[in-house]
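Hello,

Here is the structure I promised to pass on. My notes on what turned up follow below it.

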Amino acid sequence: MTQNSTPQPPVTLLGLGAMGTALARAWLAAGHPLTVWNRTPARAEAVVGAKAAGSAAEAVAAGRLVVVCLLDDESVGAALDGVDIGGKDLVNLTTTTPGQARARAEWAEARGARYLDGGIMAVPPMVGVPEAGGYVFYSGSRELFELHRATLAVPVGTKYVGEDAGFAALHDVALLSGMYGMFAGAAHAFALIRREDIDPVAFAPLLADWLAAMAQGVHGTAAQLRSGDYTEGVVSNLAMQVAGTPTFLATAEGQGVSAELIRPYFELMRRRLDAGSGEEDLTGVVDLLLR
């Protein structure tokens, strides 16, 4: 007895760095015919089961859905320079700025292609592992996203964030910026204990649990930003928190630790307080960052 099966849609993938290779293997494992191209041909040949194209133009011509995962926006422009993308569905997973994503969308549409931009919230080992929780932000044509949603969801999950092509990159960078801010605080915390007889491995779960608990405060910040009332639900107001900052700075000095990671934030808090916002929460600092 012959069992009928629906063939999986073909995918063209440009770029086989660590992330591109992980994406390629996930699509191949799910049965998608895959055409790949990489500036260094040896990488394409190493993806067993994929068809290695001799040029970006040849790869693009192989199918409708073209996924790009290159180093930067300049690399995308160079790879697709002179390539006919008319009638193609171009999904750009290259890390870019929101402005670059919007410009690339206009560039693609002017050449007769439909465009989706993506921001990957995962590292290569998370690709093809649903329980790892990785996903990609997508923005641009909603119709295009819905058409290819199932295929795009094979390597990692999908989150559509709007018709504005720049929104995926903006969400990506905003989340990663929050991450680096958290890492900065963690680095300062570890520096404070570094010269003491305190085991960093024993200290780590205390820090992780504290940061996880404090992270829930973003919901209150979001609610205040939406309402415009920065005094709503305040537990520890700005005046009280600013009054405590000299202790943090003095402790850093006493421990022989630079305060360069936390001082700028304290200075913003002080500026907001000096503007007469002592009864607010910390949310007003957001407005001070806008230029």
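Start with His32, in the loop that runs between helix 1 and strand 2. Keep in mind that this is a predicted model. His32 is buried, at 4% relative accessible area. Leaving out residues up to four places away in sequence, His32 touches Gln8, Pro9, Val11, Trp27, Thr151 and Val154.

Next, the cores. The largest nonpolar core has 30 residues. Within this core, Leu13, Leu23, Val67, Val91, Leu93 and Tyr138 touch the most other members. Several elements each supply at least two of its residues, including strand 1 (11–14), strand 4 (65–68), strand 7 (135–140) and helix 6 (142–152). Helix 1 gives the largest share, 6 residues. Val67 is worth a look. Beyond its neighbours within four places in sequence, Val67 is in contact with Val11, Thr12, Leu13, Leu14, Trp27, Val91 and Leu93. Another core, of 21 residues, lies apart from the largest one; Trp37, Val60, Leu70 and Leu90 are among its members.

Helix 6 has two faces. Leu144, Phe145, His148, Thr151 and Leu152 are buried. These residues sit on the same side of helix 6, because they cover an arc of only 110° around the axis. Glu143 and Ala150 are exposed on the other side.

Now the charges. I count 9 salt bridges in the structure. One of them joins the side chains of Arg114 and Glu143, at 3.8 Å from N to O. Arg114 is in strand 6 and Glu143 in helix 6, so this pair ties together parts 29 residues apart in sequence. Arg114 is partly exposed at 25% relative accessible area, while Glu143 is exposed at 58%.

In helix 11 (residues 263–274), Arg270 and Asp274 show the 4-residue spacing, about one helical turn. Their salt bridge has its closest N and O atoms 4.0 Å apart. Arg270 is partly exposed at 39%; Asp274 is exposed at 58%. Elsewhere, salt bridges with shared partners link Arg64, Asp89, Arg114 and Glu143 into one network.

Last, the surface. Leu176, Tyr180, Met182 and Phe183 make a nonpolar patch of about 400 Å². Phe183 belongs to helix 7 (residues 167–193). Its relative accessibility is 43%, so Phe183 counts as partly exposed.

Best wishes

How values were computed. Residues are numbered from 1 along each chain as its sequence is written. This is a predicted model: local features need pLDDT of at least 70, side-chain atom pairs count only at pLDDT 80 or more; totals for chains, interfaces and linings use all residues. Side-chain values use heavy atoms; hydrogens and water are left out. A nonpolar core is a set of buried Ala, Val, Leu, Ile, Met, Phe, Trp, Tyr and Cys residues joined through side-chain atoms within 4.5 Å. Buried means under 20% relative accessible area, exposed over 50%, partly exposed in between (1.4 Å probe, protein chains only). Contact means heavy atoms within 4.5 Å. The arc is that of the directions from the helix axis to the C-beta atoms. Patches are made of residues with over 30% relative accessible area and no salt bridge: like charges are joined within 9 Å, nonpolar side chains (Val, Leu, Ile, Met, Phe, Trp, Tyr) within 5 Å. Accessible areas come from the Shrake-Rupley method with a 1.4 Å probe; for residues, only the protein chains shown count as cover.
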